[in-house]
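Please read these notes with the sequence and the model open side by side. Each point can be checked by finding the residues it names.

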Amino acid sequence: MAKYTTDVVASCIFAIDAQSFVKENPEIREMGKRIMNFNFIAQLDAEEFFIRIMRDAIRYRKENNINRTDYLDHLLQLQDRKQITDIDIAGHGVSFFADGFETSSMLLTYCLYDLATNPDVQEALRAEIRTVRQNNEGGLSYENLMEMILLEEVVCESLRMHPIISVMAKRCTADTTLVGPKDRKIVVKKGTTVTLPYYSINFDPTYYEDPYRYNPERFSPANGGSKAYRERGVYFPFSDGPRMCLGMRFAQAQVKRAIVEIIENFRVTVNRKTKEPFEMDSELFMLFPKGIGTCGFIGLVYFFLCWNFDYWERFGIKGPKPKLLYGNLPYLLTKRRHMVYNYDQIYNDFKDEPVVGYFSIRTPQLMVRDPDLIKEVLCNNFQSFSDNDFSDAIDEKSDPLMARNPFTSSGEKWKKRRAEITPAFTNNRIKALVHLMDEVCERMTKHVKDHVDMGNGAATLDAKELTNKYTTDVVASCIFAINGESFVKENSEIRQMGKRIMNFNFVVQFALLVIAFCPTLKRFYKFTFIPKATQEFFIRIMRDAIRFRRDNKINRTDYLDHLLQLQDRKQITDIDMAGHGVSFFLDGVETSSFVLTYCLYDLATNSDVQQALRREIRAVKPTKEHPISYENLMEMPLLEQIICESLRMHPIISVLRKRCTADTTLVGRKDHSIPIKKGTMVVLPYYSINFDPTYYEDPYRYNPERFSPANGGSKAYRERGVYFPFGDGPRMCLGMRFAQTQVKRAIVEIIESFQIRVSRKTKEPFEMDPSQFILIPNGSIWLDYEPIP
């Protein structure tokens with residue numbers, strides 16, 4: 001119970017997720033215990049802790065202009081009006097915490113115990129809850145909680161039968177005289193401690209009939225409710241008069257909300273571990289029995305995991321029923337298969353819905369299925385969905401290079417970085433890089449020929465490894481003006497560092513998991529995707545490249561040249577330049593090598609298309625010695641169709657994730673309004689759309705012809721909102737043209753020089769590797785390369 005009340009109170013005061021249900025000893029809970037232990041030394045540490053987190057909460061809320069109607073908001077308004085200090089605010093916060101943390105958890109524990117020992121009352125309460133739910137279309141408001149008659153009676157009776165304190169002590173502040181029965185005068189001197197025997201009164205048959213029997217009915221409206229006993233002076237669980245507990249309504253609300261959640265979803269019984277009859281723990285100031293605490297614990301865990309499972313129902317959005325612990329994405333936890341299969345099932349199970357509400361563990365997320373709404377998210381209503389996933393999960397302190405990537409940037413930082421990089425990807429600049437790709441292609445061809453087995457006349461190679469070597473060397477040349485040596489060294493340094501950058505599959509999936517459990521964690525903890533040693537390596541080689549080029553006055557139209565001009569114009573730092581370099585490296589190495597791998601696989605499994613492409617290449621390039629230009633690459637229609645079809649059949653990611661940055665409403669078919677709250681993760685099911693026969697005829701058949709100019713090319717599908725391999729709208733991938741160019745140049749080189757076939761080492765059909773964030777099959781893709789004379 002303490003875990004529940006800790007998390008509720010921490011959220012309301014400090015606007016943080018206390019993580020009581022995911023950490024055995026979260027710091028805020030431990031500090032809360034120290035406050036309640038009344039130990040002087042322990043309390044000093046606790047005081048410093050609460051002052052610190054209150055200051056952090058104030059700073060975060062003011063810097064980010066957050067409006068949230070909670071206790072902290074009230075304190076900030078109070079600070080503005082009366083100039084109270086941060087320590088004053090922390091004091092108010094601790095007061096709220098102390099009142100709402102321990103006492104409420106004890107009350108909740110006793111309420112659940114009483115319901116567990118009185119199944120008839122438990123069933124009656126369950127019936128009341130269901131009636132209220134039905135009358136409010138599944139919703140449950142504060143007003144509903146306060147108007148539930150039996151629930152009120154249950155709480156009142158547990159407060160009577162299980163008082164939290166034995167007596168209430170008051171100090172006389174001035175000499176006075178009390179007048180008792182028969183006008184008897186009782187003189188009370190200043191300084192005298194007056195005790196009010198609350199526990200004993202609660203069990204006095206003079207005031208309560210059969211006081212040791214659990215009977216919520218005694219507090220029924222017909223019997224005058226709790227008011228009748230309060231007016232007689234025999235019921236004061238929250239005290240009475242001017243010093244009555246200010247947090248009474250909050251305590252009642254959080255206790256009632258928890259009871260409703262648990263009783264609605266669980267049948268609670270007393271566990272054998274509970275020691276009965278109760279013996280109060282003599283070490284505690286409050287009245288709490290030894291050995292209790294197992295009753296309802298599972299219910300509290302359940303409450304944490306699924307209290308919000310009715311979220312989409314409240315908005316009238318259909319979706320699959322979530323399961324405890326998994327939500328609707330079980331493979332996120334189990335890793336039995338890749339998560340793409342979870343997303344695909346959700347997509348296909350709700351074919352007639354424009355959007356589907358589902359849960360990632362316990363966090364509501366929205367899948368947008370309708371292509372018109374996808375265009376709305378990516379383009380027309382971009383301002384409401386301007387952030388990508390992880391935009392708020394890293395910063396320049398936690399990950400200085402990744403945080404400078406436009407993909408992970410947000411707001412003004414994203415605009416600034418995008419503006420800095422965009423001029424680097426003009427047609428003229430990419431055109432100037434083709435001769436660098438030519439050099440790497442020569443090294444790649446030599447590498448393949450060196451591995452030809454004289455026995456069968458072919459080289460059997462892991463296509464992913466080969467293409468990764470190619471893209472690493474191309475990008476290393478274009479960014480850092482160095483030879484990556486990937487084809488001559490098995491473990492060249494830049495390739496090893498590149499692998500470390502891309503080896504964030506675990507970090508990405510761990511981040512997804514943690515954020516699904518505790519979305520607010522991103523406010524206080526930032527992830528690191530690029531290891532420190534790798535960061536230092538890329539900063540070093542960027543500085544070396546800058547120094548070498550400036551010292552030797554080298555002019556070379558490449559990406560580094562653009563960064564140097566940018567540094568001269570805007571005085572960006574070497575770390576800014578390294579950040580841009582790593583962004584280019586991330587976009588140009590790993591994803592391009594996956595696309596190239598899949599293109600080669602599709603050509604290997606479709607020999608007729610491979611032959612047709614070879615003819616197209618020879619028409620443009622009559623001899624192997626004949627150069628091929630950027631214009632040639634861009635004007636080869638079959639080559640373009642092949643890449644488009646491979647991008648469709650083998651998407652690199654299962655979904656595109658966008659975070660809603662402002663409350664908005666999407667309007668679906670028949671003017672159906674779909675409200676989306678700020679912070680909601682919106683998922684665009686790219687993989688599933690690619691295989692939807694509604695949009696692609698015979699979608700599982702490889703058919704580059706569907707992207708032919710006669711059919712409108714890829715533009716026809718983009719305009720319908722069903723083809724977005726590089727994203728769309730303002731956040732469309734900046735490196736798209738560069739990626740397409742290097743992929744096309746490599747395909748031309750390999751198909752011109754080799755006949756390719758699928759090796760027996762390739763495991764078919766593909767099963768995506770669940771340990772990878774990107775979609776790549778288990779066992780990789782092995783191809784045989786037979787040289788063409």
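Predicted model: local features only at pLDDT ≥ 70, side-chain atom pairs only at ≥ 80, totals over all residues.

1. Start with helix α22, residues 532-551, and helix α23, residues 559-570. Their axes approach to within 11 Å and cross at roughly 85°. An angle from 65 to 115 degrees counts as roughly perpendicular, and α22 and α23 are therefore described that way.

2. Which residues of α22 meet α23? On the α22 side they are Met-542, Ala-545, Ile-546, Arg-549 and Arg-550. Their partners in α23 are Leu-560, Asp-561, Leu-563, Leu-564, Gln-567 and Asp-568. Sorted by class, this contact of α22 with α23 has six nonpolar residues, four charged ones and one polar one.

3. Arg-404 deserves a separate look. Arg-404 lies in the loop that runs between β7 (387-388) and α17 (411-421). Is this residue, Arg-404, buried or exposed? Its relative accessibility is 11%, and buried means under 20%, so Arg-404 counts as buried.

4. What does Arg-404 touch, once neighbours within four places in sequence are left aside? The contacts are Glu-396, Ser-409, Arg-417, Ile-575, Asp-576, Gly-579 and Ser-583. A further pair to look up is Arg-404 and Ala-578: they are 174 residues apart in sequence, while their C-alpha atoms are 9.1 Å apart in space.

5. Glu-276 and Pro-277 are joined by a cis peptide bond, with omega about -5°. Pro-277 sits in the loop between α11 (248-265) and α12 (297-306). Another cis peptide bond links Glu-764 to Pro-765, and its omega is about -5°. Pro-765 belongs to the loop between β13 (754-758) and β14 (782-787).

6. Ser-239 is not a glycine, yet its phi is positive, at about 70°. The residue is placed in the loop between α10 (225-231) and α11. With a relative accessibility of 11%, Ser-239 counts as buried.

7. Lys-335 also calls for a check of phi. Its value is near 60°, which is positive in a residue other than glycine. Lys-335 is in the loop between α14 (330-334) and α15 (340-349). Its relative accessible area is 30%, and Lys-335 is partly exposed.

Technical notes: Residues numbered from 1 in each chain as written. Heavy atoms only, no water. Axes fitted to C-alpha atoms, helices over the stretch in contact; angles between N-to-C directions. Helix = DSSP H or I, 4+ residues; strand = E, 2+ residues; numbered from the N terminus. Parallel < 35°, antiparallel > 145°, perpendicular 65-115°, else oblique. Contact = heavy atoms within 4.5 Å. Nonpolar A, V, L, I, M, F, W, Y, C, P; charged D, E, K, R; others polar. Buried < 20%, exposed > 50% of the residue type's maximum accessible area, 1.4 Å probe, protein only.
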